[in-house]
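The structure is shown first, and the discussion follows.

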Amino acid sequence: MVTTAVTMAADKTDTLYAVPSSLSAKVVGSFAYLTVRDRLPTILTKVIDTIHRNKNIFFETYGEEGIQAEKQTIALLAKMRNELLTDKPVVPLTDSLQDTESWNRYLQRHQRLQGDQEFVSWFRSPWLYVECYMYRRIQEALWLNPPISDYDVFNEGKCQSFFESQQAVITLCTYLEGVKKNMKEPSKNHQFEHFNKLLLVSLWGNRCDLSISAGQENAQKTSPIDSLSSLQPFILVDDSSMVWSTLSSTQRPVQVTQCRVDIVLDNAGFELVTDLVLADFLVSSGLAREIRFHGKSIPWFVSDVTANDFQWTIRQTMAANNKWMSKSGVQWQRYLKEGVWSYQDHPFWTQPHEFCDMAADAPDLYTTLQGADLVLFKGDLNYRKLTGDRYWDHTVGFDTALRGFGPAPLCSLRTLKANVQVGLQPGQGEKLTLQDPDWMTSGKYAVIQFCSPKSGH
């Protein structure tokens, strides 16, 4: 197994704790192995099917050129699927997008670590790397075949997830409207209560992840507010009070608050709505003056938010035939127009790097995050990158697993869908394994984990 860290970051914690090896499909029977063997080929098959089903649209839009592009894209994707299933070596990217060189350098870095005896391949290399690589190769296949280069193969599923969650979205927007009406003279206790509820809704919204269900229907159909109390026992680490302290300590009188919150997004559909509602509350309550959303620059992990998804969701919310839902959408559009909210993406979010690499490999993004008073990292993939997707002992501190990454106070809001989890109490992981062997991968459990560069919590 690879036991040295693939990173440019140096940190004192590395000398105190041996950095464990990366989760990998080389461990037969592991969740990483089952993902690479079963789930990733299934996702690729669905992508191929989606492109093929839309060939008439490509023909109507682009003529014969569209049909040729469809055939050639499918051929490239089928080739990759075969490479994956037969554990062939990972090959360099051949397109000329802005991150191509960075990806190919990363491959060389892994090859140096593995030595000349073993190729970097689908089952023998870090799971985080090969899973990210698959999504980047999907983008390559499309990019090499204009005129369908900009086609989002995951768009149908993301839209379906949003529409199937309509009742939950209406409930949430109605709740938000009620909170705002009663916010004329809010007490700190009331404000904390509303904040906590909406933070929890955003946390549990993360269960709506199409990459985990391999693209199967995964919408929110129950009331997101009513189910909170029944979900509380499944939160394994709850640092929400520290998140609150960070926000309320930066708070001045509402008119002059200077707090900026960055939200590193995960899934489109219902989860994105929960993030927008939380962001709306933070601004309207005076806890934050500015929200920066960070999304993906290309379609990613089936359901991740792109700029198009972000804008589409707000437009759909505005156009809804429910009064409070459309009112929320209009307000969100206003926030964007006024610069109170902004959306940005960066190629680093769709690369395979651990976040402890960010200061060295994406210093501009690291500097951007340093300007925030709080950074919320949504979801499982962000957690895997925060912790390096490694075989950490469950009791290792969250700050240790971050390995020096700390541009600002940060919090991970994550439902567990991969077998990496740190920051637990002694014996907690073992007890969970006895009670529920799939606790790390079922999406049933969640964490709210906070770390401040100052406190090192």
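## An aromatic pair in the interior

W349 is buried, its relative accessible area being 4%; buried means under 20% relative accessible area, exposed over 50%, and partly exposed in between, with a 1.4 Å probe and protein chains only. F348 is likewise buried, at 1%. The rings of F348 and W349 have centres 6.5 Å apart and planes at 70°, so the pair is edge-to-face. Here rings of Phe, Tyr and Trp (its six-membered ring) pair if their centres lie within 6.5 Å, with planes under 30 degrees apart counted as stacked, over 60 as edge-to-face and the rest as tilted.

## Basis and confidence of the model

The model is predicted: local features need pLDDT of at least 70, side-chain atom pairs count only at pLDDT 80 or more, and totals for chains, interfaces and linings use all residues. Residues are numbered from 1 along each chain as its sequence is written, and side-chain values use heavy atoms, with hydrogens and water left out.

The average pLDDT of the chain is 92, and 90% of the residues score at least 70; pLDDT is the predictor's confidence in each residue, from 0 to 100. Where pLDDT is low, the predicted coordinates should not be read in detail.

## Salt bridges

The whole structure contains 29 salt bridges, each defined as a side-chain nitrogen of Lys or Arg within 4 Å of a carboxyl oxygen of Asp or Glu. One of them joins R109 and D361, whose closest N and O atoms are 3.4 Å apart. Because R109 belongs to helix α5 (residues 100-114) and D361 to helix α15 (residues 358-361), the pair ties together parts that are 252 residues apart in sequence. Helices (H or I, at least four residues) and strands (E, at least two) are DSSP runs, numbered from the N terminus. R109 counts as buried at 15% relative accessibility, whereas D361 counts as partly exposed at 27%.

K378 and D275 form another salt bridge, with closest N and O atoms 2.5 Å apart. K378 lies in strand β5 (residues 374-378) and D275 in helix α12 (residues 270-284), so this pair connects parts 103 residues apart in sequence. Both K378 and D275 are buried. The side chains of R292 and E290 also meet in a salt bridge, at 3.0 Å from N to O; R292 is partly exposed at 21% relative accessibility, and E290 is buried at 12%. Salt bridges with shared partners join R39, E131, R384 and D389 into one network.

## Surroundings of E83

E83 is found in helix α4 (residues 64-85) and is buried, with a relative accessible area of 8%. Its side chain makes a polar contact with the side chain of K79 at 2.7 Å. A polar contact is a pair of N or O atoms within 3.5 Å; within protein, one must be able to donate a hydrogen and the other to accept it, and residues adjacent in sequence count only if both atoms are side-chain atoms. Leaving aside residues up to four places away in sequence, E83 touches K88, W122 and R137.

## Further aromatic features

The structure holds 33 aromatic pairs. Among them, F234 and Y445 have ring centres 5.5 Å apart and planes at 65°, so the pair is edge-to-face. F234 lies in the loop between α10 (228-231) and β1 (235-238), and Y445 in the loop between α19 (428-435) and β7 (446-451), 211 residues apart. F234 is partly exposed at 26% relative accessibility, while Y445 is buried at 7%.

F293, F310, W332, Y335, W341 and Y343 form one aromatic cluster. R384 lies over the face of W127, 3.7 Å from the ring centre; a charge sits over a ring if NZ of Lys or CZ of Arg is within 6 Å of the ring centre and within 35 degrees of the ring normal.

## Backbone geometry

Most residues other than glycine have a negative phi, and most peptide bonds are trans. P146 and P147 are joined by a cis peptide bond with omega of about 15°, and P147 lies in the loop between α6 (127-143) and α7 (155-164).

V302, although not a glycine, has a positive phi of about 70°. V302 lies in the loop between β3 (290-295) and α13 (307-318) and is buried, with a relative accessible area of 7%. R403, also not a glycine, has a positive phi of about 50°; R403 lies in the loop between α18 (398-402) and β6 (410-415) and is buried at 2% relative accessible area.

Notes: Contact means heavy atoms within 4.5 Å.
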